[in-house]
Amino acid sequence: MLIVVLLGNQDKEFCECIFSNLSKKRTVIFVNSNGISKKGSGKELMLVSYPEKCRINADTVLVILGDECKSVPSEINDGIFIINSKNKRQAELLNGQNYLAITCGASPKDTITYSSRTDDETVLSLQRSVKTLSGKTTEPFELPVNTSVNESVFATLASQAVLIIDDEYTSFQN
């Protein structure tokens, strides 16, 4: 089962947005300080929210860094970090580490961005090829995804990054 960690003080809306977006395509078991929730259908993944650095003893983990994240776990064997390109501190935390970083944001330099956004839809844009957990390569693509007007852009892009890395978009793989 894939483990996705929300690391750093994430606000409730951000966590709920990630949980909601992922549960549209996966069965998500969400663990935070308030308890455990399960929602969705399909391939299972565990979503865990930690307010600060934690010990993670697992082989492959996706970590979504929060704006207030002050450090990253050093024990992860195959860590993939999803970061907000607007937050320069996140890139600094990973500097010199041997982890893959997926940048999300509005810059054409980001791995995952969007080409347009309305109140109820964001057109996701994968800017460069990404190797998935199964070892396949997902090629650049654009895809409309349903969103809400109050949804954080980073939450939308980060949740889609998880799905890309977890082989959701096989029609764009070679």
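How do the residues of the lining of the largest pocket divide into nonpolar, polar and charged?

1. The model under review is predicted. In the lining of the largest pocket, nine residues are polar, five are nonpolar and three are charged.

2. The volume of the largest pocket is about 290 Å³. Its lining consists of 17 residues. Those nearest the centre of the largest pocket are C15, N32, S33, N34 and S49.

3. Two or more lining residues of the largest pocket come from each of α1 (12–23), β2 (27–32), β3 (35–39) and β4 (44–50). Of the elements, α1 gives the most to this lining, namely four residues.

4. The second largest pocket has a volume of about 240 Å³. A set of 14 residues lines the second largest pocket, and Q10, D11, F14, D67 and S152 lie nearest its centre.

5. Which elements give two or more residues to the lining of the second largest pocket? They are α1 and α3 (153–165). The largest share comes from α1, with three residues.

6. The classes in the lining of the second largest pocket are as follows: five residues are nonpolar, five are polar and four are charged.

7. The student may wish to locate α1 in the model when reading the points above. This element gives four residues to the lining of the largest pocket, and three to the lining of the second largest pocket.

Conventions. Residues numbered from 1 in each chain as written. Predicted model: local features only at pLDDT ≥ 70, side-chain atom pairs only at ≥ 80, totals over all residues. Heavy atoms only, no water. 1 Å grid on protein atoms, 1.4 Å probe; cavity = no way out; pocket = protein on both sides within 12 Å on 5 of 7 lines; lining within 4 Å. Points joined across faces, edges and corners; volume = space filled by probe spheres on them. Nonpolar A, V, L, I, M, F, W, Y, C, P; charged D, E, K, R; others polar.
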